Amino acid sequence: MTAALSIQNLQKIYDNGFQALKGISFEVQPGDFFALLGPNGAGKSTTIGIICSLVRKTGGSVSIFGVDIDKNFPKAKQLLGVVPQEFNFSQFEKVFDIVATQGGFYGMPRALAEERTEKYLKQLGLWDKRNVQARMLSGGMKRRLMIARALIHEPRLLILDEPTAGVDIELRRSMWTFLQEINAQGTTIILTTHYLEEAESLCRNIAIIDKGDIVENTSIKSLLKTLSRETFILDTAESLQGAPDFGSFNGRLVDEHSLEVTVEKGQSLNELFTGLGAQGISVVSMRNRANRLEELFVSLLADEKQEEAR
Amino acid sequence: MNSSAIWTSFSTILRREVRRFTRIWPQTLVPPVITMSLYFVIFGALIGSRIGDMGGFSYMEFVVPGLIMMSVITNSYSNVVSSFYSAKFQRSVEELLVSPTPNWVIMAGYVLGGVSRGLIVGLVVTLIALFFTHLSVQHVGITIAIVFLTSVLFSLAGFINAIFANSFDDISIIPTFVLTPLTYLGGVFYSIQLLSPFWQGLSKLNPILYMVNAFRYGVLGVSDINVVWAFVGVLVFIALLSAWGLHLMSNGKRLRH
């Protein structure tokens with residue numbers, strides 16, 4: 001099957017000599033919901049910039065549904081929609097005009113562009129704001145406006161660079177639902193995000209990029225299986241004066257009603273609860289201290305640093 | 001993109017450009033009209049009546065074609081330079097760069113947007129001039145051709161200025177320090193026959209002199225220079241600036257990193 005996105009040995013050295021990408025390779029299959037993760041400055045936005053032609057690559061190749069961007073970029077662009085990290089529309093134009101005009105840039109007749117504009121503005125809850133200048137929108141509305149604009153030509157591959165940054169949780173969840181719907185309808189989605197909960201909830205496959213290199217590229221399920229430890233916060237019914245005996249577990253007292261315990265792979269939670277119960281401590285609730293993917297992400301990057309130090 | 005899609009994309013850019021300068025008409029259309037009206041009143045009616053004839057015409061008749069051309073030049077240039085630089089500044093130019101619209105269509109759309117504003121302002125200034133003097137165009141074809149080509153040329157120059165600009169200061173340097181002096185010294189207000197041979201020779205190095213005189217020839221039938229050279233010069237400059245603009249768009253580092 002032809003990959004929705006195929007990146008081979010992609011390199012980028014900026015004019016100041018900074019090597020942003022050191023020859024990365026990965027593929028995204030059609031219909032996938034794919035996460036591209038990495039810390040700030042890892043090379044995510046450079047990769048997206050190259051895919052959509054805003055950044056010129058130094059070496060390597062990029063194909064979108066089999067169309068090499070070096071051979072037929074206009075055709076590749078027709079297959080691609082991009083929601084960038086920064087707002088990049090005229091603040092003084094009206095919402096409707098911004099979206100419909102983008103359709104024109106893709107060669108869509110005005111009537112069709114207006115029809116699609118209405119469809120996506122309604123789906124993204126912006127129809128009431130269609131005659132408002134973009135600068136009057138809230139941050140969340142501006143993000144949704146960029147999603148509507150990216151969808152106007154109904155691309156087969158949609159790339160979103162931190163689409164929910166600065167968006168409140170209610171709106172974030174409604175955007176997730178919307179993205180899941182269009183993914184279910186067949187649109188391949190690549191997402192970069194700092195909210196790892198978002199990646200874990202939405203995405204099936206993942207690539208982690210750090211300092212211009214891919215450090216992990218697998219399914220989220222198999223990645224989570226490699227998680228060697230999880231840290232839990234336990235809420236206790238009793239008021240605790242000091243840290244209890246955690247037995248073979250690593251733990252600490254957070255406050256008089258909560259404990260933090262690290263559970264290594266192979267250790268049983270039953271053993272922990274039994275030990276605490278024997279000391280007269282009953283646990284009323286428990287939760288992960290951090291999102292599981294977040295924990296894994298941090299440990300992966302830490303491993304990278306250790307290897308570099310050697 | 002097929003030709004129909006290219007036409008759609010071009011007309012979309014042009015429509016957006018026209019929408020932009022008509023939306024902010026108090027900034028784009030009114031100031032040149034007021035400025036030119038003042039020129040007509042002061043240089044044409046008040047001072048001009050004491051100057052007497054120039055090139056065989058009353059001073060008002062002589063100065064009107066130059067002032068029309070001056071407004072076309074400055075408005076064509078400033079429309080494109082401010083619009084395209086604003087698009088760069090707000091990053092809305094990325095809407096076009098990520099689309100399949102070819103670079104030459106993007107440039108043509110912006111340039112025709114500048115031409116639209118230049119010609120609209122030129123037309124309004126012409127209508128105002130009719131309150132002050134009588135105008136009968138001697139060579140309609142030459143008049144229309146030279147004003148259109150001049151507008152294209154300065155729109156292209158504005159486009160290139162915008163590509164190079166890194167700040168709003170950068171888009172006012174060329175108009176202030178290059179365009180305005182060349183226009184004022186380009187035979188708008190006087191015939192170079194009044195100058196000594198040395199200054200006449202120097203004036204003939206000013207490309208705007210040729211455009212202003214070609215337009216004056218179209219309207220009044222008189223010119224300080226051979227009109228053919230005006231058309232040759234304008235067409236050569238259009239070809240050079242078009243090639244430069246396209247090169248900057250495809251290979252330049254100012255739009256794509």
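Q: This is a predicted model. Which hand does the crossing of α7(B) and α11(B) have?
A: Left-handed: that is how α7(B) passes α11(B).

Q: What makes α7(B) roughly parallel to α11(B)?
A: The axes of α7 (residues 140-164) and α11 (residues 227-250) of chain B cross at roughly 30 degrees, coming within 9 Å. Angles under 35 degrees count as roughly parallel, so α7(B) gets that label against α11(B).

Q: Which residues make the contact?
A: On the α7(B) side they include B:I146, B:L149, B:L153 and B:F159. Across from these, α11(B) brings in, among them, B:V234, B:F237, B:L241 and B:W244.

Q: How many residues of that contact are nonpolar, polar or charged?
A: There are 19 nonpolar and three polar residues, with no charged ones.

Q: How do you know that β12 and β13 of chain A pair?
A: Pairing takes at least two bridges, and five bridges join β12 (residues 250-255) to β13 (residues 258-264). The two strands run antiparallel, and A:R252 stands opposite A:E260 in β13(A). They form a hairpin, with two residues between them.

Q: What about the two chains: how many residues of chain B are in contact with chain A?
A: It's 20 residues of chain B, in contact with 26 residues of chain A. α1(B) gives the largest share of chain B's side, five residues. By class, that side has six nonpolar, eight polar and six charged residues.

Key:
Residues are numbered from 1 along each chain as its sequence is written. Chains are lettered from A and ligands numbered from 1 in the order in which they are written. This is a predicted model: local features need pLDDT of at least 70, side-chain atom pairs count only at pLDDT 80 or more; totals for chains, interfaces and linings use all residues. Axes are lines fitted to C-alpha atoms, for helices over the stretch in contact, and angles run from 0 to 180 degrees between N-to-C directions. Helices (H or I, at least four residues) and strands (E, at least two) are DSSP runs, numbered from the N terminus. Angles under 35 degrees count as roughly parallel, over 145 as roughly antiparallel, 65 to 115 as roughly perpendicular and the rest as oblique. A crossing is left-handed if the near helix is turned anticlockwise from the far one by less than a right angle, and right-handed if clockwise. Two residues are in contact if their C-beta atoms, placed from the backbone, lie within 7 Å. Ala, Val, Leu, Ile, Met, Phe, Trp, Tyr, Cys and Pro count as nonpolar, Asp, Glu, Lys and Arg as charged, and the others, Gly among them, as polar.
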